[in-house]
Amino acid sequence: MKQEIIIAGFGGQGVLSMGKILAYSGLMEGKEVSWMPSYGPEQRGGTANVTVILSDDRISSPVLNEYDIAIILNQPSMDKFESKVKPGGILIYDGYGIHTSVKRTDISVYRVDAMDVATEMKNEKAFNMLILGGLLKIVPMVKLENVLLGLKKSLPERHHKLIPMNETAIKKGMEIIKKI
Amino acid sequence: MAEDIKLMKGNEAIAHAAIRYGVDGYFGYPITPQSEILETLMAEMPWETTGMVVLQAESEVAAINMVYGGAGTGKKVMTSSSSPGISLKQEGISYIAGAELPCLIVNVMRGGPGLGTIQPSQADYFQTVKGGGHGDYRLITLAPSSVQEMADFVGLGFDLAFKYSNPAIILADGIIGQMMEKVVMPPFHKRRTEEEIIAECPWAVQGKTANRKSNVITSLELDPAKMEENNIRFQAKYKKIEENEVRYEEFFCDDAEYLLIAFGSSARICQKVVENARAEGIKLGLLRPITLWPFPAKIIAKYAGQVKGMLSVELNAGQMVEDVRLAVNGKVKVEHFGRLGGIVFTPDEVLDALKTLIIEN
């Protein structure tokens, strides 16, 4: 089994760290993983994306033509990556700031209003974990216990106290994702 | 899961591998996309564990000359930078080659020329394998195509550098430096003691003892007859390296009708191209040079008798393709495909180029 995923949004939304946690979770399951960031001069507000591949077999190219799953977190990323989802693939987006509807009819589209919920939770940093929860609800590619292990591995020890908050956000994300 | 399997960036792997290999000193100056090498070394603080020196120099020029000095004492010393910084180091690299000292240099290439971009490129191939600095010298050039090889080539680079008393270079690019993959960390080696260094490197400047002549480290020789002798000795050494140290990897070459030649991150992308082409029924193979100098010319010449055409796939305007053409010596059609200035080709672009430039032409 192989999942080729692109996560794309603004810098500061936690795009790269969400990819990292997914990659670490895959590592915990004994999968082959690759994490390839676009490492432009992206600060908060610029565009950022990361390609994550989880696979049972050796991974060839970290650079891809098209993706099984696209996670789209802003309009520029929608414009760029909607056409790059494989036929039959999955597109997950956060409704906040997206003002075009998805035109593709040959893919499954899901919406997760993570920005709104994170604002309600008064915790903007939960944003990317809400998205991750939504993804794992639709494609349970890694077990929740391994995501928590992955969090532990990818966060410095001084932030380990935040893991329960992240777990809550992941579970909440699983609840709020809906099919379009 | 074994303790030593880690997920990390290629740059981080180089730093950890250097500490584990027992490197004595790292001298560098930050530049994207390789700054994590220096950052990781600083965070790991190996001076408190193995005694390894880690120093951010005032410039790239200072860093390479610190390497020159450290190498002269027989220590295992290294530096790293990215393309513009490596250009600054070229004078020092030529001096180190001229003084026949072992050291390790890392270039995580970015788009040029000039300051260029910070995105991946392979446009320093000529600079690395055809000179860079002045004079008839060669660098043992290793081109990693995975995070695992970033870790492994630190030890291999030093082993070869000391075996031949010659600088070695890891020629990577922004993709391999920035991507994270699984990596099995090499085992720990203790740093050598001063006594071990003196025994292993009788040429090193380690303080003259009463029973021997002074050791002198220099690349200067004002008598041209002697300088020619030195050069003849260098060339004999380079010939030996060419005979013994060629490394490459073959991917679906056995029955190939067409062959891609690619190194580093391009070779990773080309693996996918081979998978996709074979799914379409095109018998495509990939030959990946691991050493760019010495170049795997013999094996490429061998395949010139088997395949209908070769495509050299590089993130540059056509550099390695010249060595591929020299190797096949007109026996088979050789073309180049590349993207420039920091843009990375997708597998589809490469397959399309293969069809237009080689298969249908």
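What percentage of the 361 residues of chain B count as buried? The share is 52%, where a residue is buried if 20 or more other C-beta atoms, placed from the backbone, lie within 10 Å of its own. The model is predicted, so local features need pLDDT of at least 70 and side-chain atom pairs count only at pLDDT 80 or more, whereas totals for chains, interfaces and linings use all residues. Residues are numbered from 1 along each chain as its sequence is written, and chains are lettered from A and ligands numbered from 1 in the order in which they are written.

Chain B contains 14 helices and 14 strands, which are DSSP runs numbered from the N terminus (helices: H or I, at least four residues; strands: E, at least two). The radius of gyration of chain B, 21 Å, agrees with the value near 21 Å for a compact globule of 361 residues; the radius is taken over C-alpha atoms, and the globule rule is 2.2 Å times the number of residues to the power 0.38.

Five strands of chain B form an open sheet with mixed pairing, in the order β9-β11-β10-β13-β14; two strands pair if DSSP finds at least two bridges between them. Because β9 (248-251) and β14 (333-338) of chain B each have a single partner strand, they stand at the edges, and one side of each is left without a neighbour in the sheet. Pairing between β9(B) and β11(B) (284-289) is antiparallel over four bridges, and B:Glu249 stands opposite B:Arg288 in β11(B).

Helix α11(B) (264-279) lies across β9, β10 (258-261), β11 and β13 (309-314) of chain B, at about 165 degrees to β11(B). Such angles run from 0 to 180 degrees between N-to-C directions, with axes fitted to C-alpha atoms, for helices over the stretch in contact. In α12(B), the buried residues are B:Ile300, B:Tyr303 and B:Ala304. These residues cover an arc of only 115 degrees around the axis, which puts them on the same side of α12(B); the arc is that of the directions from the helix axis to the C-beta atoms.

Between the chains, 20 residues of chain B are in contact with 17 residues of chain A, contact meaning that C-beta atoms, placed from the backbone, lie within 7 Å. The largest contribution to this side of chain B comes from α11(B), with five residues.

Methods:
Buried ≥ 20, exposed ≤ 12 C-beta atoms within 10 Å, placed from the backbone. Contact = placed C-beta atoms within 7 Å.
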